[in-house]
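Here's a quick briefing for anyone meeting this structure for the first time. Have a look at it, then read on.

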Amino acid sequence: MERGSESAAVRRHRVGGERREGPGRAAGPEAASGGGARPRKGSPGGGGGAGGAGLSEARAVLGLALYLLVLRALVQLSLRQLVLRGAGAGGAEFDASRARNYLEHITAIGPRTTGSPENEVLTVGYLLEQIRRIEAQSHSLHRISVDVQRPTGSFSLDFLGGFTSYYDNITNVVVKLEPRAGAQHAVLANCHFDSVANSPGASDDAVSCSVMLEALRVLATSAEDLRHAVVFLFNGAEENVLQASHGFITQHPWASSVRAFINLEAAGVGGKELVFQTGPENPWLVQAYVSAAKHPFASVVAQEVFQSGIIPSDTDFRIYRDFGNIPGIDLAFIENGYIYHTKYDTADRILTDSIQRAGDNILAVLKYLATSEMLAASSEYQHGNMVFFDVLGLFVIAYPSRVGSIINYMVAMAVVSYLGRKLLQPKHKTGSYTKDFLCGLGITLVSWFTSLVTVLILAVFISLIGQSLSWYNHFYVSVCLYGTAAVAKIIFIHTLAKRFYFTNASAQYLGEVFFDISLFVHCGCLVALTYHGLCSAFISALWVAFPLLTKLCVHKDLKQHGAQGKFVAVYLLGMLVPYLYALYLVWAVFEMFTPILGRSGSEIPPDVVLASILAGCTMILSSYFINFIYLSRSTRNTMLALTVVCAVTFLLVCSGTFFPYCSDPASPKPKRVFLQHMTRTFHGLDGQVVKQDSGIWINGFDYTGMSHITPHIPEINDTIRAPCEENAPLCGFPWYLPVHFLIRKNWYLPAPEVSPRTPAHFRLISKEQTPWDSVKLTFEATGPSHMSFYVRAHKGSTLSQWSLGNGTPVTSKGGDYFVFYSHGLQASAWQFWIEVQGSEDQPEGMVTVAIAAHHLSGEDKRSPSLDTLKEKFPDWSFPSAWVCTYNVYVF
């Protein structure tokens with residue numbers, strides 16, 4: 001064993017050292033520069049003497065901990081500072097108190113689902129009243145035009161696996177502010193005043209409409225000239241999967257004059273509004289935001305993450321981009337997503353400073369665009385993407401991606417030159433450096449891989465025993481469980497390498513080797529990201545350029561004095577920029593993803609996702625601190641402390657100490673549950689009813705299912721798990737949106753039949769044979785404001801055409817077809833046709849269709865059984881409930 005541990009590396013060192021170290025010759029300086037052989041412990045310049053004693057473990061850990069805490073405090077301070085006082089004030093000012101007044105009036109109306117009187121009458125009436133008041137106060141330089149649009153249309157999206165949308169007589173309130181003489185071009189500001197069912201929708205999106213009303217007032221009463229028009233679109237059907245914006249951009253006469261847009265959205269409640277999408281490929285828009293915004297908060301990283309599709313959400317930005325071919329800026333509040341789309345999304349939770357900062361920014365950018373020479377010929381400035389990011393909310397750095405690529409490759413070449421000088425020297429000069437570098441790279445990669453595997457094993461075990469989401473209400477639990485495990489495993493692997501492989505090498509030498517390895521890894525990431533055209537590569541550039549400069553600054557001091565206090569201070573100071581920005585991004589990642597994991601469905605284990613993210617963050621943040629493992633005398637106490645914290649947290653999580661949800665009025669974190677009291681009717685090929693049942697269909701929107709609900713409502717348990725009706729589309733259930741692939745665990749509690757006052761009616765109008773040997777089926781449907789239509793083609797049949805979208809049927813995940821339908825307060829019967837290619841002689845028919853009617857507002861949305869069940873739910877849950885019917889037909 002002892003002979004084996006003293007492997008080739010040690011024997012090589014001993015032999016090489018005896019050959020090189022003759023009378024009057026020292027090994028230290030050459031090795032310290034990376035140009036000579038590996039120095040031994042205690043050799044001059046090789047970590048001996050004052051420097052050879054190594055860093056004190058306690059001091060190293062305390063110093064690094066304090067360093068990260070200080071950086072975290074700076075990030076927190078930046079994030080809490082919503083408004084930069086005195087930032088570029090001038091001219092007419094945005095008044096947040098007025099905007100708050102608008103907000104409180106809109107949310108006082110209550111939930112505003114499309115097609116409800118609250119949305120179509122009360123909210124529209126209030127908006128028009130405020131617009132008329134603003135028009136009466138407007139300056140004579142300007143002209144205001146108002147239009148209430150009621151569009152009807154259809155389109156398809158690849159969002160949520162793909163589906164088609166149809167809308168009829170929905171509502172848009174459109175206001176155009178322009179110079180008295182008129183304007184040929186316009187900039188569009190978009191918000192939506194509708195909300196999801198059972199939520200007052202303060203942040204999503206009433207606050208944005210309030211900001212736009214106040215921005216309209218300021219611009220209209222200002223004596224400043226506008227070069228272009230500003231169109232304010234208050235759209236009334238965004239929560240119906242972007243329908244109203246489609247109606248405007250494809251049908252409204254003012255849409256043809258729009259050259260750019262700003263979309264105001266929300267993925268959380270209050271805080272800062274983040275610019276998370278721009279373009280496509282219109283860098284002048286980013287420059288407009290950079291030049292005008294008073295309180296900037298923007299990140300191209302957020303843009304690339306959002307557009308990757310890993311966040312199950314979308315905004316009107318997609319509609320204007322894809323159907324209008326218009327460039328724009330997408331902004332959204334991202335803080336406190338725990339209460340997004342719940343009853344807790346109320347006006348009082350949005351700070352006045354949040355409204356002020358959003359208003360200051362929107363107003364300034366609208367003014368800038370409305371007076372810009374570039375707006376008129378925006379298509380001429382479509383030349384590539386922009387790298388953009390704010391610096392702690394103080395200012396934005398932006399430059400073209402092609403410039404970024406040049407910078408990135410120059411930084412990479414500097415690293416190649418630095419490392420090449422060491423790695424490519426003749427073997428008799430480099431000695432063991434090249435081999436130690438390659439072995440150290442392997443050890444680093446192994447430490448990261450085993451760290452990831454370790455936290456994944458913990459996460460899978462926690463998920464299997466039913467303690468998932470234990471960190472949802474206590475985020476520090478995830479850090480204490482998965483974060484400590486990841487750090488401990490990395491330290492453990494490197495400690496083993498230090499003890500058994502790099503047995504006779506100096507701490508200073510090893511510290512330099514592992515710094516170079518981290519530099520090499522980040523440089524590799526930089527080249528890969530740049531090669532694939534990702535603007536986010538600028539982060540890797542920061543993680544390469546600043547450490548390299550720092551290394552050049554501390555190299556001489558380290559060589560002469562070893563790892564002493566001065567070296568540590570300068571080293572940490574040089575790492576300030578990449579680590580500060582990394583923590584800034586880490587906050588944004590967890591601020592957005594942690595709440596999303598509480599509504600991401602039953603199929604994705606959230607602990608596995610969070611553990612993976614934490615492991616990735618640990619790898620990045622630890623990269624340039626790995627060398628401290630080799631510079632320190634010991635890591636035993638650090639590993640022991642981390643292991644104890646991880647073990648204790650693990651035991652507490654396994655025992656169920658940390659409850660995932662919270663009903664604290666100040667900071668609620670509710671469990672989301674959908675309850676649909678429905679009656680299902682299945683018809684055979686002859687039109688006769690073959691099966692009918694009624695019950696409350698229950699969907700939990702997170703991984704824990706109903707496990708936490710069952711103790712409070714014993715009748716909701718695994719004995720009533722909803723079976724899939726294999727022969728019916730989407731398993732025979734009335735899905736409101738095609739998210740069936742995300743939520744496969746459902747419960748079906750028997751209940752009395754529902755009888756809405758305005759029931760849905762569905763009938764086949766005609767069935768005709770076409771000249772091209774297909775069958776055309778024409779249907780008519782009437783019912784509530786929200787319905788879903790599903791189609792499944794039988795074996796041997798295909799759906800070739802229909803009258804929806806662009807005429808080409810779009811399948812959802814699983815192969816069925818999903819159509820989302822909604823209408824405003826008044827609408828004619830919905831008539832549409834589908835064309836089926838296949839033989840009519842099939843004994844089981846050619847196609848199965850189903851229609852689901854969702855009663856989301858008024859008295860029809862309630863039932864005694866639904867109300868009784870809803871009252872049983874604990875206060876830490878948010879049950880969103882409505883009545884629906886589901887009818888299946890075979891043709």
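The mean positions of the chain's 69 positive and 70 negative charges lie 14 Å apart. Here Lys and Arg count as positive and Asp and Glu as negative, leaving out His and the chain ends, and each charge is placed at NZ of Lys, CZ of Arg, CG of Asp or CD of Glu. Bear in mind that this is a predicted model, where local features need pLDDT of at least 70 and side-chain atom pairs count only at pLDDT 80 or more, while totals for chains, interfaces and linings use all residues. Numbering runs from 1 along each chain as its sequence is written, and side-chain values use heavy atoms, without hydrogens or water.

**Overall build**
- The chain holds 25 helices and 22 strands (DSSP runs, H or I of at least four residues and E of at least two, numbered from the N terminus).
- Along its principal axes, the C-alpha trace spans about 105 × 70 × 60 Å.

**Packing**
- Buried residues (under 20% relative accessible area, 1.4 Å probe, protein chains only) make up 59% of the 891 in the chain.
- Of the contacts (heavy atoms within 4.5 Å) with a separation of 6 or more, 83% join residues 24 or more positions apart.

**A look at Asn 119**
- Asn 119 sits in helix H7, which covers residues 117–137.
- Asn 119 is buried, at a relative accessible area of 0%.
- Leaving aside residues up to four places away in sequence, Asn 119 touches several others, including Arg 112, Phe 193 and Gly 236.

Note on methods: Buried < 20%, exposed > 50% of the residue type's maximum accessible area, 1.4 Å probe, protein only.
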